[in-house]
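Hello,

Here is the structure I promised to pass on to you. Please have a look at it first, and then read my notes below.

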Amino acid sequence: MDSDLLATCNALGYLEDDRYFKEPDCIDTVKCLIRFLHSEDNNHEIRIQLGAGHIVRNDLLPILRQYPDDDALCAAVLRLLVNLTQPALLCYGNKIPTEIDQYHNYLDILSHSQEYKENFSNDETWKVLAQKVYDILEKDWEDRSPDDSITVERILVLCRNLLHVPPTTEDDNQTADNMSTHDRLVIALHTSGIDSMVLYLASSTTEQQWCLHVAEIISLLLKEQNVDALIGMNNAQERERQGDELKQLRLQEEKRRQMRKLQQSSRHSRFGGTYVAKGKSALADNNELVIHKSLQKCSNLTYDEGKNKLRKAKHRRPLIDGNVKRRSTLEVRKILKEFCIGLLNNGYNHLMFNVKDKLSRENSDEHDETYYFSIMSFIMEFNRKHEFHIDLVSETMQLPTLHFIDISIVNCMELMMTDKQESKTWGRRMHLALQGYKEFLLTVQTMQSSKNETVAESAKVLLNNIFYTPEYREVFLTLLRKYDESKLTHGFLDDLIQTTHLFIRLFENYCKGSNIVVQKKKVKRKIKKKKRSTTTAASDSNTLTDEEKTIRWSEIEEDVKTTLQNGDLPEAGPVSDLFDPTSDVPEEEQQQKALVKIQNKLHSRTIPEAVVILKQARELWPEIDIFGTSVSTWEDDVSTLKEICLADMTGLATDNQESENQEEEQDEEEEEEESIQTTSREVEFNLNDYLKKFSDYKVVQPYVILLAKFKTNSQHTNHCIVKLLHRVCYDLKMYGLLFQASVFRCFQKIFKCALLDPTMRELDQFAKFIVQKFFEVLPKNDKLFAEILFWKQTNAHVYELVEGYGSFSNASGSKKPVVWSEAEKEELANLYDEFKDGELDVVDCILARITDESRTRRQVVSQLLNLGIANDAAELKRKKGPRPTVWREDEEMELRRLYEEFQNSDDRLGNIMQMMTCKKSKGKVIEKLLAMGLVQDRKELHKRRKRAEGSSKNKEYAIMHAGGSDDSENEDAVNRNNDSESDDDDGWALIDLQSCIRKASSDGFSSQIDWVKSSLNQAIDDRSNANPDEEIQAVPLVPLMEEQEDAMQNSAFRKMLRFIGLHKPSTGQEMFWRIPPDLTVGGLQESVQILSQPVKRKRDSSPERIESAEDVLKRVQEESDDEELSQQSKRKRRNTSDEDDDEVGKSRNEINRPTDDSEDVEKDLVQSKNRKRILLDDSDEDSDAISQDSANAVVMNTLQSNSEIPEDEDVNDVIQSKSKRMVMSDDSDEDDKENQDLPNNDNTSSAKNSEEMETSFQRKNRKRISVIEDDDDEF
C-alpha cells in the first residue's frame, strides 16, 4: 500500500476487544480518503489498495456501530462506503475491459466487492442504518433538511450496490438449500428491518422520489429466486413433485445400467480381438477398416473419432445465460415469500405507477426499465400461482402497459442490430421485456378461466384489443426472424417459443365459432405523389379562348361589382405569397405571377380572393398602373379586373409552369424513393393465413436450434416446439421444410433417448413422421440427399422438392419460370461490363439496350446475381435522388422525326409529347432536344401566341409586360409572332449588308469590324490546318476591350454578325457570339471579302437629273416580277386577289419604257444571285433607323450616281412622297456594279402615269417584298 494512503488509514483509529477507538481527526481522515478516490486514475489503484487493506471490515463498519450518534462522521463514512461498493462495471464505463492489466484490476475490484458483501452480512450495521432512516421518515416533509434526504438516498444506494454484487465461485458450486452470501445478506436485511422500510417507501404516497431506488432493491432481492420454489415450500404437491422427479431419475439410471449390460461381450474382458469392417475403407489406403474394439461398440462406426471439433469464432459463439436460478434455504424463501405478499397487498400498483411515470417522463437512466419488467414478471407470476387476485396487479394489466412493453421490445431489437458493441446488453433488456409480455398473456389466460364473469369479460376485451392490433400479432414473428444466438441466450429463445405457443393457442381458442375482424396495415413504398399545384390551375384557365373569356367575364361581372361595393372580403394571405424580396426570382416575374393568380381566381369564380390579391399587389407596387392606383374607385377596379380577365397570359403562365415543373421534376424521383404511405383497413381474420407466416425457414431455424437442446429443455418447452412444427408440417403440408441434415441428426439423438425417457414420446412420434415422409419422397427425387444440406428458402422450393421440380410453376395461377438463353446471358454480361463504371444506373442502362424489351428490372437483377456478375443486390439498387432518363436509339430517332414534323407548328413541344410512343416528362424531352442540338434555347419550344391587334390587344400586351421589359423579351415576342407565319414573307425582311456595315462604321465601329475580320482569318487558319478526323468546335468571339463590348451592344453591328453567319449566344448557356462549326473555310473567306470591301461614300455628281426616283422604283418593281418571284408566289398570303395582279399589269403597260442604258442600270440594280433572309430578332431602338437606311440605300445610290439629286439634299424627303420603307438585301457581288456610273436618261414620266405607277407599286410592294408598315404595335 502507498505510504500516504497507509498513514491516512492508520489515522482513522484502532480496534481493541471488539471496540473501536477513533482518532480526534477521524472525520477529516475520512474526507481525505474520499479525495483520494476522486483523484484516482483509470487503473483504480487507490480503490484496490483500500480493498486489500480491509478498511471496510476493520475501520468503517466499526465506526458506524460504535458512533451512530455522530451524524457528521456517519454521513462521511456512508459517503465513502457508497463510493467503495459501487459496481466494478461502473468503474470501467459499464464495459468489461479487454486489456490484460485493466482486466486484472477489474477482477481485483470485483473480488473486493464480494468481500464487502460478506462484511455487510452482520445485522448490527443494518440496524444502525435502518434506525437512521426511520428517524428521518418520522419527520414531516417540512421539517426535513437536505442532508436528511441525502442520507436516506445514500443508504438505499448502499443497499443496492451490495445486492448487485454477483455471487462468488463458492456460491455457484454450492448445492440447493445451502446458505449463500446473498442469502445471508437477505437475512441481515430482514432482521434489521430494511425490508419493511422498503415496503413502506414503495407504498407511501409522500416518498415517491425514491421509487426507482426501491424498484432496483426489490428486483435485486428476487434475482436468484424461482417463483415455484417460493410457492411450493411446505406444500404436499411440491413434495410429491420432487419425489416423482427423484423416482424418474432412478428409473433412467436403471435403464442405463441395463443398456451397459447388453453391450458387454460374452467373452472375457481381457480378450483383445481385432475385426475388419466390411464395406468401410480405411483412410490411408483402399483396404477395409480394421477395428480394435468389441463387437458391441462397433455399431456406431464413424471417421470423426479423434478429430478436433470445429471451433467457432468468439463473436459467433452462442451466448451463455448468466442469470442462474437456484433454490435458497427454507428460511430465506419464507422471508421472500412474506415480502412478496406484503408488496402485493400494499404497494405493488402504487410503485409500478410511479416507476412507469418516471420512465415515460424520461426522468430516469436508460436501464431503469429493466427493473420495471423484472418486478412485473416476478410479482405477476407470484400472484397467478399463489392466490390469484386481479385487483392486486391491475396497474400492469392495462393496454398502455402492453403498448409500453411492445415499444421497448422493438427499440431494444433495433438497437441490438445497430449498436454492435452493446448488442448483448440490449439483448438482455429485450429478454426482460419479453418476460413481461409472457406474464401478461398468462395472466389474461388465468382471467379467462376465472369464475367471476366480470374478470372473464375483461379478459375477452383485452384479447380482442391484442388480436386486433397488427403490431401485437407480428412481434413474435419478427423476433424469431431476427434471432441470433451470438447476441441472445437460449433462455430468451425458450421464453420466446413458449410465449408464441401461448399466443397462438389463445388466438385459436378465440377464433372458434366466430368471425374475427382485425386491423391490417399495408405499407406502400416508392409511391409517386400526386402533384396538383397552382400551375395546373393556371394551365386550365389559360386554355380558354378569347370568346370564352368574354363569356366568363359577362357571367362574373355582376359578382365583381357586388363584391367591390360591399367590401366583404376574406382575410388576406401572407405578403410573401406575392412578393419575396429574398428570392432569386426577379421582381418583374413576381408581378407577372400576381397577374396570373388574379386571372385564375376570376376564371374559377372566386371573386373575393381575386380582389384581395389585387389590393395586395397594389400596395406592394403602387408605381405600377396595371394594378390600379391608390385613388382608384370601385369602377376603376372593375375595369382593371376586366382587362386582367380578358388578357392573353398564355406565355406568362407557360413560363411559370416550366420553371416550377423543372423543380418538381428534379424532386420527383426523390419523392418516389423516400415516400412511404401506410394504409389501415379491417379484414376478416383467417388463422391459417396467420400460421402460413410461420412456414419460413428463418422462423423454423430457431425452433431447430432449441430442439437440439431437447435433453436440457423442460417438457413444456419441447411440447411448444413440436406443436409449432406439427402445425407447419402436418396442417400446412410443409414437411419438406424439415428435410435438413441438422434436423435429422437431432432426430437420431431423440430416437436413442426415447428408449430411456418416456417423456420423449411426443418428440419420438414427430421425428418418425418426418423421416417417414422423407423416404416417401425419396423415390420421386433422386437429388433429395443433396437437398438436405440446404435450407429451403421459399414455399416454391419446398413444393418442388416434394412434388417435383417445375411443378410449382405449372400449378394454377402461378407464373411461368423466367428462362434466359445462352445468347441472352452473354448479352447481359456484355451490357453490364459496358455500363458498370458509368454514372447512370446500371440496370436502367441495361433495360434500355437489351434486345428483349419484356425483361423487368427484377429479372435482370436476379439473373446478374445468379450468374455471379454482381455480388450483392444492394449494389444494383437504384440510388436515391433524381433518376437520369436513358434514351434508346429508336426513341432518339422518333424524337428527331417528330421535331422535324412539328417544328413549324404553334405548339411544337405539346405535339411531340402527345405523339411520342414512350411517354417521358416535359423536362426530359426539353433536355434531350437541347442535347441533340435540335434547339438552341428553351424559349424556342414555347407555345406561340397570335399577334395582338387593336387597342385592346395593346392593353393586354402592356399587362403581360408588367414591371418593364428588356430587348430580349421584345425579341422573343416578335419571334413568336413571326414564327407563326413562317410560311409567309410578311415576318421576314431583306437587309442590305452594305447598309449594316455603313451604319456600324458611321457609329464609330470601324476598328471593331477589323477585329471581326481578324477573328475570321484566325478561324480560317485553324480550320485549314486542322486534322480532318478532328471535330470542329465553335469559336467564341470574346470582346477583350471596352470598345468591342460597346460594339456588341450595337444593333447594326449585331445584324452584320448575323448576316455573315455568326450565331448569337444561347440564353442561359452561352455568353459570347460564336463562329459556328458548320461554316466552311470558303464561307469564312467570302465573309472576310465582304467585310474587306471599301464602304461606299456619297460622291459629288452633276446636278443634272438623268432619271427620276419613280422610274428607278418602277423598274425595280418590274424586275421583281420575274420568274423567280412567280415561283414563290404560291407561298404568299392567301388574301392576294387577282384584281391586284390585273391592276399591277395595267400600271405596267402605262409606264414608259426606258432606254437601253436604263435597261443596263436595271439589270445592275436587280441582279442578286444569293439573296439572304434573316429574322429581325434585334428589334430595339435602332431597328427603325437601320430598316429606313437599308430601304433608302438602293434609291440613294442610284439617284446620286445619276446626279438626280445633290449630295446635301435630304433623300428622305424625296422618297417619303413616293413609298414607305422597303427592306432589301443585295449580294456582295453587286457592290462593284453599284459603284459604276449610271447612264443618262432623258425620258421623263408624265404626272398621271407617275401617280398610277406609285399607287400600283406600293400595293404590290406590300404583298411581294414585305414592306413593313410604320406601326408601333408590331414592336
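**What I found**

The protein chain holds 57 helices and 8 strands; helices (H or I, at least four residues) and strands (E, at least two) are DSSP runs, numbered from the N terminus. Please keep in mind that this is a predicted model, in which local features need pLDDT of at least 70 and side-chain atom pairs count only at pLDDT 80 or more, while totals for chains, interfaces and linings use all residues. Residues are numbered from 1 along each chain as its sequence is written, and side-chain values use heavy atoms, with hydrogens and water left out.

First, the chain as a whole. Of its 1275 residues, 45% count as buried (under 20% relative accessible area; exposed is over 50% and partly exposed is in between, with a 1.4 Å probe and protein chains only). Among contacts (heavy atoms within 4.5 Å) between residues at least 6 apart in sequence, 76% join residues at least 24 apart.

Next, the surface patches. These are made of residues with over 30% relative accessible area and no salt bridge, joining like charges within 9 Å and nonpolar side chains (Val, Leu, Ile, Met, Phe, Trp, Tyr) within 5 Å. A salt bridge here is a side-chain nitrogen of Lys or Arg within 4 Å of a carboxyl oxygen of Asp or Glu. Lys and Arg count as positive, Asp and Glu as negative, and His and the chain ends are not counted; each charge is placed at NZ of Lys, CZ of Arg, CG of Asp or CD of Glu.

- A patch of positive charge on the surface gathers Lys309, Lys709, Lys711, Arg745, Lys749 and Lys752. Lys709 sits in the loop between helix H30 (697-707) and helix H31 (715-731) and is partly exposed, at 38% relative accessible area.
- Ile96, Tyr103 and Leu107 form a nonpolar surface patch, with about 260 Å² of accessible area together. Tyr103 belongs to helix H7 (residues 100-119) and is partly exposed, at 35%.

Finally, two single residues. Asn83, in helix H5 (residues 71-84), is buried with a relative accessible area of 17%. Leaving aside residues up to four places away in sequence, Asn83 touches Leu37, His38 and Arg47. Ser1092, in helix H49 (residues 1081-1092), is partly exposed at 44%. Ser1092 and Ile1009 are 83 residues apart in sequence and 9.1 Å apart in space, C-alpha to C-alpha.

Best wishes

Key. Accessible areas come from the Shrake-Rupley method with a 1.4 Å probe; for residues, only the protein chains shown count as cover.
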